[in-house]
Amino acid sequence: MVNSRRSGTRGTGSKGWLAGGVVAAGLGAAVIVGAATAGASPGDADTGSSTSTNPNTAESVRSSQTSSTSAGPEPDSQDDSADTEVGETAQLPDDAEDDADSSDDAEDDTDSSDDTDSGGEVAVRGEDADVPAADEPEVPVTTADSDTDAPRAGDDDDMVEKSPEPISAKPQRSVEQATAAVTLRTTTAVTATVETDPVLIAAATSTDVTVGSMVVDWLYSIGIRSNKMGTDFLNIPVSKYTAARWLVKRARIYRDVVIPQPSDPSGPSAPGQGPLLWETNFTDLNEALTYWGLQTGRWGQSAGENQYYTDGDNVYVDAQGNLVIEARRDATPDGLGTPDNYTSARVVTFGKQSIGVGTRVVARIQMPVTQGTLPAFWSVGLEPGHEYDWPRQGEIDIVEIPGMGTPASRRWWTGNIHGPAAADNTVDVKLHGVDADLGVDVSQGFHEYGMDWYADRIVWHVDGVEVGRVTKAQYEALGGDWTPFSGAWEHYLILNVAVGNPWTGDPSPSAPFEAQMKVDWVKAYAL
């Protein structure tokens, strides 16, 4: 009898312990999910894109500058940075990785065709915009999700003034060890909105592994969409071994996300894209010289820029076949010191190749995000007899990445157009709000920046996803003259890295400085 009581007591205690454990586990899971979603927007579980308007940006004035040609000193080789190894405290627990695997297996067993929440439309197009005051034209064109420290849409204040000079021969340089690429498998079991969600695509294709990105991936694998995707959330590095393992898991987690693939010029064209007109792959300098040359001197100095564009010392083709434009802090040919002691390069198709209405132009570029820099890919009009009369000849900024020194600016794409006012062709009429948060640090990899040029509109896209557009009607509502964008004359292309301006500010004089723009290729297609 006594033995029976003791046996019964042990049984009751075991059940109580088991129930307590279940409750504790449930509370622990709730705490984890609650903490992970605390910073998310209220609609994370069913999120859509939100719009934002950036404050007005600093205006700039462009004027003609006298240019000179002179070779600068040899550029320094860029030091390779070693990956930071961290202990187990900076890694996701094995349980979390196992959970991600378990969620993958669970997804394989389901028949659901919609694994992800809708990301909403990428772009919100401005329609019938109210006309602001004449001295501050403004039109909402497109935005994506943004942070409060997002950069403001500005302008690249370089101006064309001189015929290009050939690129000097340059020995190839040593390059950083390439990041291992991960091939992502895709399926058709996905809604159309997922295909146009740049934040989700950025998370799926990112090769940057941190503690925060692992948490975000894991949350997505269990059905929780966090607005921390692609940001610097818990930006704690992990070991190379952990990163390599997690990239494999990431490919499985996002396997149902449709990733836009670069179009094959020899194969079927992308929607709206016709045959390839011309391309530059920068296999060597001789090939680059087919369509490209250099403009030298202090373009943009009147707008507050600090760089001197050299005749080839700051540009070369690396071992991977990328054109490298390198901005550095060093002595300039004209002998100016601080704050103008920066050299860079301005590579142009002036006199060699041009684009016009009915053209899609795309460049695959890895952009620098160094504070105080403004790397850009853009075009300037070739109005006969007025090739250097800005803004009357027109300018299209395909991409600018403002180096503001903030996490948001590392993700922020901006575009713009500059043209003459209808009443005065010396007055610049530009846009505001043509920008988008790409959801990924653009300096960590290559992206395809492009625009489609029609007679009545211009459409911008990044990695095949539309991020902005402006129409003739919208521009004329601001008091602008659409003639430079109507096809009346063609434009030539520019790749450059500017240093310092009122928009980004100047680089810190006490901080080390170097910025490299790498260009894999530039292609032009008929629309």
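The structure is a predicted model, in which local features need pLDDT of at least 70 and side-chain atom pairs count only at pLDDT 80 or more, while totals for chains, interfaces and linings use all residues. Residues are numbered from 1 along each chain as its sequence is written, and side-chain values use heavy atoms, with hydrogens and water left out.

**Overall fold**

The protein chain has eight helices and 18 strands, where helices (H or I, at least four residues) and strands (E, at least two) are DSSP runs numbered from the N terminus. Of its 527 residues, 51% count as buried, meaning under 20% relative accessible area with a 1.4 Å probe and protein chains only. Among contacts (heavy atoms within 4.5 Å) between residues at least 6 apart in sequence, 80% join residues at least 24 apart.

**Nonpolar cores**

A nonpolar core is a set of buried Ala, Val, Leu, Ile, Met, Phe, Trp, Tyr and Cys residues joined through side-chain atoms within 4.5 Å. The largest has 57 residues, and those touching the most other members are Phe377, Trp413, Ile417, Ile458, Trp460, Leu495 and Val522. Strand E18 (residues 514-526) gives the most to this core, with five residues. A second, separate core of 17 residues includes Val211, Met214, Tyr220 and Val465. Leaving out residues up to four places away in sequence, Ile458 touches, among others, Ile396, Ile417, Trp482 and Phe485.

Asp217 lies in helix H5 (residues 211-221) and is buried, with a relative accessible area of 2%. Apart from neighbours within four places in sequence, Asp217 is in contact with Trp246, Arg250, Ile253 and Tyr254. The C-alpha atoms of Asp217 and Tyr254 are separated by 8.4 Å, although the two residues are 37 residues apart along the chain. Helix H6 (residues 240-253) has buried residues that include Trp246, Arg250 and Ile253. An α-helix has 3.6 residues a turn, so residues three or four places apart point the same way.

**Arg328**

Arg328 is found in strand E5 (residues 323-329) and is buried, with a relative accessible area of 4%. The table gives polar contacts of its side chain, each being a pair of N or O atoms within 3.5 Å, where within protein one must be able to donate a hydrogen and the other to accept it, and residues adjacent in sequence count only if both atoms are side-chain atoms.

| Side chain | Partner side chain | Polar contact |
|---|---|---|
| Arg328 | Glu326 | 2.9 Å |
| Arg328 | Asp330 | 3.1 Å |

Terms used:
Buried < 20%, exposed > 50% of the residue type's maximum accessible area, 1.4 Å probe, protein only.
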